[in-house]
Amino acid sequence: MQKSHIEELQNIFGKGNVLTEVEDMIAYSYDASHVEIQPEAVVFATTTPQISQLMKLAYRERIPVTPRGQGSGLSGGSVPLKKGVVLVMDRMKRIIDFDPANRLITVEAGLTTADIDPIAAEANLFYPPDPGSVGFSTIGGNVAENAGGLRGLKYGVTKDYVKMLKVVLPQGDIVTMGSKCVKHVAGFNMEGIFVGSEGLLGIMTEVTLALLPIPEHRESALATFNSLDSAAQVVAAIIAAGVTPSTMEFMDNATINAIQNFKDCGLPKDAAAVLLIETDGQKDSAIAEMAKVETEVRKNDFRDFSRAKSSEERDLLFAGRRVALNALASVRPNLILEDATVMRSKLPDMVRGITAIAKKYKLQVGIFGHAGDGNLHPTFLIDMRNTDEMARTEKAVAELFQLAIDLDGTISGEHGIGLEKKPFLQNQLGGEGIRMLQNIKRTFDPLNLLNPGKMFDMPAEHSA
Ligand SMILES: Cc1cc2nc3c(=O)[nH]c(=O)nc-3n(C[C@H](O)[C@H](O)[C@H](O)COP(=O)(O)OP(=O)(O)OC[C@H]3O[C@@H](n4cnc5c(N)ncnc54)[C@H](O)[C@@H]3O)c2cc1C
């Protein structure tokens, strides 16, 4: 990067907030996926006008810019594929407005997701989307990826809570979109376009989120099964019985064992699979719903059904689920985690299919995930240095995505496309679908400078 550009970045952000030394920038060259690319500079933003100035400079000088929250993304979204500048958002952490009467909170985009709940709780409110990464991911990253979480089945995902966004557009304009009103149809649903935009259309700097009252009561239980199939069938049976648990998480034997070896969370190491189930709401209804859940479990080939008797017991079970990915990561040198998603009714087919694919390619797989919303995380445990194993994994992943599409599902339920799933998006959307995305990108970012090369390629004439 030219010296004059670095000086301009230092003028905008302050000298101490610009990194250019290779060793200093290593931590900003990768995320939680497998791609690693060094940027030419890293900048730490603290205000929206700074970001506007950055994008004006980037547009004038044709410099690629990649926004980054905490880099916990699992699809390579914050990796600077075309180098240029990595724009780090995690110092923009202010709570701008807490409005309990309207159940709204406005925060800067770099705030950690888990930092909302302690404030919301002061007015007996909570923020429902809770990705497994809630303790370190940022709200901006959650909006950019439309993050889901353990409560998605009953409470939905990030898009269901985004009311307003302040965004810096690729050419530096600052715009606010959406409304604090419950209803709002004045113009296009612009905030909807930015949710899940993976940092390709603009940089979110402020986000207004809806909050909900904290449920009066929770009932939690662990159902243990002798086969993967029974666990998968019970998921659909519980929903068909008219119950919507707030959580219904699936873990197979490989995942259970990885967790127990990592941290003792009281999971049965010899079970084929478990479902971690929670109902919530008014006390009577949460208890009645859990009774219905138990009835459905008992109708199937279950082994054990035990309710958490204390909040400590409940927290331990949830802790087990939250460390699942870290635990699996400790089994072999590398892992490839996918998030192909199907409708709940197709969950047994998906679980059978994943098992068959892993067997066909002689791969070790752990399956866990948000079973209640059909969003599984088949996780291949591999050694990337083993070229033969890598080749088999690539074939297995391609087959897995095709299976999801064949089952009318999607190649990504919550982790986004980024770099990791880019080669497969065409199969999901078709040529017309990709062209529609390219046209939208061109409208916002005619020189293709904001997070270029992610999700889909732009035709060559539209790149700087
Ligand atoms: C252990 C673990 C568990 C996880 N569990 C879940 C889960 O349950 N559900 C789930 O959905 N995901 C999960 N994830 C994935 C990840 O945490 C989410 O995708 C999260 O939303 C990323 O947030 P981040 O701040 O780390 O964003 P980053 O990884 O830094 O960035 C992600 C994308 O957002 C863009 N971006 C970031 N900030 C902004 C901004 N302010 N404006 C515009 N674009 C921006 C980046 O350019 C990039 O494309 C998990 C990850 C890990 C490591």
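Now, ground rules. This is a predicted model: local features need pLDDT of at least 70, side-chain atom pairs count only at pLDDT 80 or more, and totals for chains, interfaces and linings use all residues. Residues are numbered from 1 along each chain as its sequence is written.

Domains next. Domain 1 covers 3-88, domain 2 covers 95-213 and domain 3 covers 217-406. Those bounds come from an automatic or database domain assignment. Between the C-alpha centres of domain 1 and domain 3 there are 37 Å.

Back to the ligand. A residue is near a molecule or strand if its C-beta atom, placed from the backbone, lies within 6 Å of it. There are 36 residues around the ligand, and G69, G77, G140, G141 and G199 come nearest. Domain 1 and domain 2 each give at least three residues to the shell.

Which element gives the most to the shell? That is α5, with five residues. β3 (65-68), α5 (139-145) and β10 (203-210) each supply at least two. Helices (H or I, at least four residues) and strands (E, at least two) are DSSP runs, numbered from the N terminus.

On to the sheet. Four strands form an open sheet, in the order β1-β2-β4-β3, with mixed pairing. β1 (18-19) and β3 are the edge strands, each pairing on one side only. Two strands pair if DSSP finds at least two bridges between them. β2 (41-44) and β4 (85-88) run parallel, over four bridges. F44 stands opposite V88 in β4. Helix α1 (3-13) packs on this sheet and touches β1 and β2. Its direction makes about 10° with that of β2. Axes here are lines fitted to C-alpha atoms, for helices over the stretch in contact, and angles run from 0 to 180 degrees between N-to-C directions. Contact means C-beta atoms, placed from the backbone, within 7 Å.

Last stop, S72. It lies in the loop between β3 and β4. Is S72 buried or exposed? S72 is buried, because 21 other C-beta atoms lie within 10 Å. The cut-offs: 20 or more is buried, 12 or fewer is exposed, and in between is partly exposed, with C-beta atoms placed from the backbone. Leaving aside neighbours within four places in sequence, S72 contacts D31, A32, S133, F136, S137 and G141. D31 is 41 residues away along the chain, yet the two C-alpha atoms are separated by 5.6 Å.

Terms used:
Two residues are in contact if their C-beta atoms, placed from the backbone, lie within 7 Å.
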